[in-house]
Amino acid sequence: MPLYQPFARALGWSEGEFETGMSFSAQIGTLRPDNPAPLYLQLQQLLRDAIQRNILTQDDAIPAERDLASEYDISRITVRKAIGGLVEEGLLTRRRGAGTFVAGRVEKSFSKLSSFTEDMIARGRVPSSSWVSRLEGTVTPEEALSLGLSPGAPVYRFQRIRYADDVPMAVELSTIAGYCLPSLDAVSDSLYAALEKAGNRPARALQRLRAVPFGTEHAKMLGVDPGHAGLLIERRGFLRDGRAAECTQSFYRGDAYDFVAELTDI
Ligand code: 16G
């Protein structure tokens with residue numbers, strides 16, 4: 001079997017050397033017969049370690065199910081269970097018609113006023129959402145202060161679980177000033193697309209970020225254990241004329257994101 005390309009790259013080997021090298025199991029390791037752990041967990045651990053040690057890096061392909069099954073001499077069901085678990089964890093991602101790949105962390109710019117949908121598309125991931133709630137109401141005293149609205153002013157509240165390639169990445173709770181959207185139903189896949197259509201997409205935002213352990217409810221929505229590391233980003237978005245449009249709390253999975261910012265000396 002030709003040398004698995006990502007490993008060859010990690011070793012700094014050239015193209016030609018791919019052809020003569022080791023098998024996938026020789027690179028990421030083999031299952032140990034004396035290990036009492038179930039085989040699927042052992043295979044998961046080998047893949048997890050290889051990702052942590054950068055033997056497998058973002059966008060590297062994982063060999064096909066039948067190839068892994070024959071190489072490790074295990075059933076395809078065992079391979080499927082191992083890979084499925086890592087896909088659920090967000091370490092691997094399935095691309096329809098192309099195979100399974102190392103998902104990598106999402107790099108999110110801290111200096112660009114982008115939406116979740118735009119962030120994911122820019123990284124070749126497929127964004128989607130599921131609705132937790134979608135409500136019309138009037139401002140709470142806290143929202144009135146943070147959005148600069150008068151008591152009794154109408155607002156829309158949207159709570160969504162956000163996915164990338166079907167892996168849950170974040171839970172978001174957005175409060176939008178009533179004058180920014182024509183109706184509750186105006187928002188389908190992307191909130192910013194709906195705001196843009198209404199001519200009310202935020203042009204400026206203030207953000208703050210802090211580390212939070214996920215509580216039971218958010219952990220359940222994101223398929224992680226309670227206490228799992230999370231990042232809470234609060235964004236307050238303003239229209240070009242200075243009026244506040246959005247106040248959103250985004251709870252991101254800490255293991256899925258890297259936040260990057262460009263700093264200059266001016
Ligand atoms: C991002 C924004 C959030 C905004 C959402 C709109 C951060 C920290 N937060 O998650 O404030 O409401 O995108 O996304 O970037 P959408 O247009 O895909 O619904």
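This report describes the domains, sheets and ligand surroundings of a predicted protein model.

## Basis of the model

The structure is a predicted model, in which local features need pLDDT of at least 70 and side-chain atom pairs count only at pLDDT 80 or more, while totals for chains, interfaces and linings use all residues. Residues are numbered from 1 along each chain as its sequence is written.

## Overall architecture

The protein has 10 helices and 11 strands; these are DSSP runs numbered from the N terminus, with helices (H or I) of at least four residues and strands (E) of at least two. Along its principal axes, the C-alpha trace spans about 70 × 45 × 30 Å. Of the 266 residues, 30% count as buried. A residue is buried if 20 or more other C-beta atoms lie within 10 Å of its own, exposed if 12 or fewer, and partly exposed in between, with C-beta atoms placed from the backbone.

Among contacts with a separation of 6 or more, 55% come from residues 24 or more positions apart; two residues are in contact if their C-beta atoms, placed from the backbone, lie within 7 Å. Gln27, found in helix 3 (residues 24-28), is partly exposed, with 19 other C-beta atoms within 10 Å. The C-alpha atoms of Gln27 and Ser150 are separated by 63 Å, and the two residues are 123 residues apart along the chain.

## Domains and their contact

The protein is divided into domain 1 (5-102) and domain 2 (106-260), with bounds that come from an automatic or database domain assignment. The C-alpha centres of domain 1 and domain 2 lie 35 Å apart. Five residues from domain 1 and five residues from domain 2 make up the contact.

On the side of domain 1 that touches domain 2, helix 6 (76-89) and strand 2 (92-95) are the elements that give two or more residues. The residues of this side divide into one nonpolar, two polar and two charged. Here Ala, Val, Leu, Ile, Met, Phe, Trp, Tyr, Cys and Pro count as nonpolar, Asp, Glu, Lys and Arg as charged, and the others, Gly among them, as polar.

An open sheet of three strands has the order 1-3-2, with antiparallel pairing; two strands pair if DSSP finds at least two bridges between them. Strand 1 (61-62) and strand 2 stand at the edges with a single partner strand each, so one side of each is left without a neighbour in the sheet.

Strand 2 and strand 3 (residues 99-102) run antiparallel and are joined by four bridges, with Leu92 opposite Val102 in strand 3. Helix 6 packs on the sheet, where it touches strand 1, strand 2 and strand 3, and its direction makes about 100 degrees with that of strand 2. Such angles run from 0 to 180 degrees between N-to-C directions, and the axes are lines fitted to C-alpha atoms, for helices over the stretch in contact. The hairpin of strand 2 and strand 3 has three residues between the strands, and Gly97 in the turn has a positive phi of about 80 degrees.

Six strands form an open sheet in the order 5-6-7-10-9-8, with antiparallel pairing. Strand 5 (127-138) and strand 8 (204-213) are the edge strands, each pairing on one side only. From one strand to the next, the twist averages 15 degrees.

Strand 6 (residues 154-164) and strand 7 (residues 167-177) run antiparallel and are joined by 10 bridges. Val155 stands opposite Ala177 in strand 7, and Arg162 stands opposite Ala170. These two strands form a hairpin with two residues between them, and Asp165 in the turn has a positive phi of about 50 degrees. Strand 7 is also joined to strand 10 by seven bridges in an antiparallel arrangement; there, the bridge partner of Leu173 is Gln249. Eight of the 11 residues of strand 7 are buried, so this strand is largely enclosed by the rest of the structure.

## The ligand shell

The ligand is surrounded by 14 residues, of which the closest are Ser115, Thr117, Ser190, Leu191 and Tyr192; a residue is near a molecule or strand if its C-beta atom, placed from the backbone, lies within 6 Å of it. At least two residues of the shell are supplied by each of helix 7 (116-122), strand 7, helix 9 (191-197), strand 9 (229-238) and strand 10 (244-253). By type, the shell residues divide into five nonpolar, six polar and three charged.
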